[in-house]
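I opened the notebook to look up a few points in this structure. My entries follow in the order I made them.

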Amino acid sequence: MTDTAFVEIRNAAKSFGSLQVLRDINLKVERGQIVAIIGPSGSGKSTLLRAINELDPLSSGEIWLEGVQINKKLPHRQYERHVNQVRQDIGMVFQHFNLFPHLTVRENITLAPKLLKGMSAGEANALAEQQLAKVGLMEKIDAYPSQLSGGQKQRVAIARALAMKPKVMLFDEATSALDPELVEEVNLVMKQLAEEHMTMIIVTHEMGFAESVCDRVLFMDGGVVVEEGPPEVIFRNPENERTRAFLRKHLQTNHNR
Amino acid sequence: MSLDFTVVPQFLDVILLGVLWTILITLGASVLSFFVGIFFAIIALYAPWFVRLPFRAFEWLFMGTPLLLQLFLIYFGLIQVGIDLPAFVAGVIGLGLHYAVYNSELIQASILAVDRGQTEAARTLGLSRMQTLRYVVVPQAVRDVIPPIGNNMIALLKDSALVSVIGVSELTLSAQQAIGRTFRPFEFYVTAAAFYYAINLIMEAVQRRIERRIALSR
Amino acid sequence: MDVDLILRVYPFFLQAAWVTIQLSVLTAVLGLACGSLGAAARLSRLRIFRIIGAVYVSLFRGTPALIQLFILYFGGPQIGIQLDAFEAGVIGLGVNIGAYMTETIRGAIIAIDRGQTEASRTLGLSRWQSMRYVVLPQAARLMIRPLGVNINALIKGTALVAAISVVELTYTAQRYIGSTYKPFEMFLLSGTLYMIIIYATGRGIAWLDRRARIT
């Protein structure tokens, strides 16, 4: 059991009908490591991230978290129970925030701890306050999501995920839907998490952020990992022609904006 | 008394005649409700207030009361004022007017949704208000409204069963005639239901095909 | 306009209106129950339930409510179901409108963004918890108006039980038209009562809808 890395993906493959979106992907992430996944849209990077917590289960391959296989083949009832359990250890932040619009910020954060960890209202409240203070949004605790800006919504979504005390955080293009001036506040929160040594897997389009925060970068294209390495190498001196072409094109479009 | 569907085939001619009348009533009332619906929509949106207000009241009355009650009113009301229409005609008029009001609602919304720029462009070219409506706005509005009007026609098929109560010998009344002779209500009503269901499925299939074609023409 | 006649017969119409109200309320309750079950079946993980739900909706929406009522009331005794006209009316109309409500409820549930389920499942909530605490509270708000449309149709639909001689508003109107030969007066009287019932119900639904929106 202990011979697996903290997060480990082995021979992951996935297809939708005849379309193969992931092919033989292997990935090891150590505790406290921060990994960025970059690549063109349709490269399979979001699918890979969503496979880690079984939102889009793999067709074949294995995913492990701290010695526990996440995508175990089990009879339906047991599988559901198992997945509900392991998901509590995996925080996820979505591109479109997915805050619950009918609940206040406080209720968004306390819902899962109350239901799943049996927390009392008092404990859950204290937790919500603590997490909101961390993302700098204490004053919004009784607001509804519709009263928040995009950046604030995403910070609440991060606080909501953190309240479950996850072992690993997944970020699926967390800043792509934000207006440019709101990106920084979310990046700051993520940097802060990095300093606290949270294990993170980040799918992103922001090369600058990936370069400054991550320990390792994966470049994916066509459902495979084309190249991986430390950010200095991937961004400054990539070996693969596809990586170079992607980065060149990306820099250009960013300049043109 | 156990079930015995073997009596049904003996009355197949009666039932099939009923099916034919049901189809005729549905088609007749649908066509009526479509054109009257366009007419109603234009009145509701563009007529002067002394026409529009009484018309609104009429619309309101038709949407707020049961079809069955309206059928009684039309059938017996016309007799009272000295017009003795055949039951079939009264049925088509009753169903047609009822659904015209619903179609009118759809068409009004659709006319209002046609881009203002369309009207402006037409008026700039020198078309009159009426010409703009006739050649530019209504054709676009009608195209948008065909799928929901199709739904209304499918609903109309099922409501056509109601005209049996004013003596139109369509499918439901045919079934009742057969029941009167055999005392087998379950068998014949289920048979009638099966025919309605079949017509309903055919209409839904046609509806889907039309929707696909409209989707393609965009 | 024969005002004297209206003044003479209106108490009978009021009584009939009360029957229409009772029919409407009971039918709505049964319809909502059938609609909730139907929607649960149509959204079930199990194929067999999905098929049952789809067949229910297709059959009951695909045939006239009047025929369904006749099968139940006149045909029922042949298969051992003995109901009086009022009971048959409530059950027949309730199961019928339930098929329409199934689609309304299902529509509201599937209109809730997939991201809501994904976010709650990601936090570790089970399928049922995610439905109960995240999807349904949002869907409930969405379905108030369209269910209001169903209920509006249902109130007018109660007129069908006149055909099995339940003494409600339409039956009463029909009988007085037959005995007085004054169709316009009788239509006006019963129509007004229907409009009052429908208007009041509409106001109630609008109130619910507003209240659900504020929070």
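**Salt bridges first**

I started with one arginine: Arg56(B) has 34% relative accessibility, so I put it down as partly exposed. This is a predicted model. Arg56(B) meets the side chain of Glu59(B) in a salt bridge, 3.1 Å from N to O. The two are three residues apart in helix H2 of chain B, so about one helical turn separates them. Is Glu59(B) buried or exposed? Glu59(B) is buried, because its relative accessibility is 2%.

I then searched the whole structure and found 25 salt bridges over all chains. I looked up several of them.

Glu173(A) and Lys45(A) pair through their side chains at 3.7 Å, N to O. This pair links distant parts of the chain, 128 residues apart. Glu173(A) sits in the loop between strand E7 (168–172) and helix H6 (180–195) of chain A, and Lys45(A) in helix H1 (residues 45–52) of chain A. I noted both residues as buried.

Which chains does the next pair join? Arg121(C) forms a salt bridge with Glu80(A), with the closest N and O atoms 3.2 Å apart. Arg121(C) belongs to helix H5 (residues 114–122) of chain C and Glu80(A) to helix H2 (residues 76–87) of chain A, so the pair joins two chains. Arg121(C) counts as buried because its relative accessibility is 11%. Glu80(A) is at 17%, so I list Glu80(A) as buried too.

I also recorded a network of salt bridges that links Arg31(A), Glu66(A), Asp89(A) and Lys167(A).

**Chain B**

I counted eight helices and zero strands in chain B. Along the sequence I read the pattern α-α-α-α-α-α-α-α. The C-alpha trace spans about 75 × 45 × 25 Å along its principal axes. Of the 218 residues in chain B, 48% are buried.

I checked the length of helix H2 (residues 49–64) of chain B. With 16 residues at 1.5 Å a residue, the helix should span 22 Å, and its end C-alpha atoms are 22 Å apart, so the two agree. Buried residues in H2(B) include Phe55(B), Phe62(B) and Gly64(B).

From UniProt, an unreviewed entry, I took "transmembrane region" for residues 20–46, 58–79 and 85–102 of chain B. Residues 58–79 of chain B are 91% helix and 0% strand, with end C-alpha atoms 21 Å apart. For residues 85–102 of chain B I got 89% helix, 0% strand and 24 Å between the end C-alpha atoms.

**Chain C**

The unreviewed UniProt entry gives "transmembrane region" for residues 12–39, 51–73, 147–167 and 187–208 of chain C. Residues 12–39 of chain C are 100% helix, and their end C-alpha atoms lie 40 Å apart. Residues 147–167 of chain C are 52% helix and 0% strand, with 27 Å between the end C-alpha atoms.

Next I looked for a nonpolar patch on the surface. Met1(C), Val3(C), Leu7(C), Tyr10(C), Leu14(C) and Leu188(C) form one, with about 620 Å² of accessible area together. Helix H1 (residues 3–42) of chain C gives the most to this patch, four residues. Leu7(C) lies in that helix. Leu7(C) is exposed, because its relative accessibility is 54%.

**Cysteines**

Cys34(C) has a relative accessible area of 17%, so I noted Cys34(C) as buried.

Conventions: Residues numbered from 1 in each chain as written. Chains lettered and ligands numbered in written order. Predicted model: local features only at pLDDT ≥ 70, side-chain atom pairs only at ≥ 80, totals over all residues. Heavy atoms only, no water. UniProt positions renumbered as here; feature names shortened; annotations may be inferred. Expected span 1.5 Å × (residues − 1). Buried < 20%, exposed > 50% of the residue type's maximum accessible area, 1.4 Å probe, protein only. Patch = residues over 30% accessible without salt bridge, like charges linked within 9 Å, V, L, I, M, F, W, Y side chains within 5 Å. Areas by Shrake-Rupley, 256 points an atom, 1.4 Å probe, with all protein chains shown as cover. Salt bridge = Lys/Arg side-chain N within 4 Å of Asp/Glu carboxyl O.
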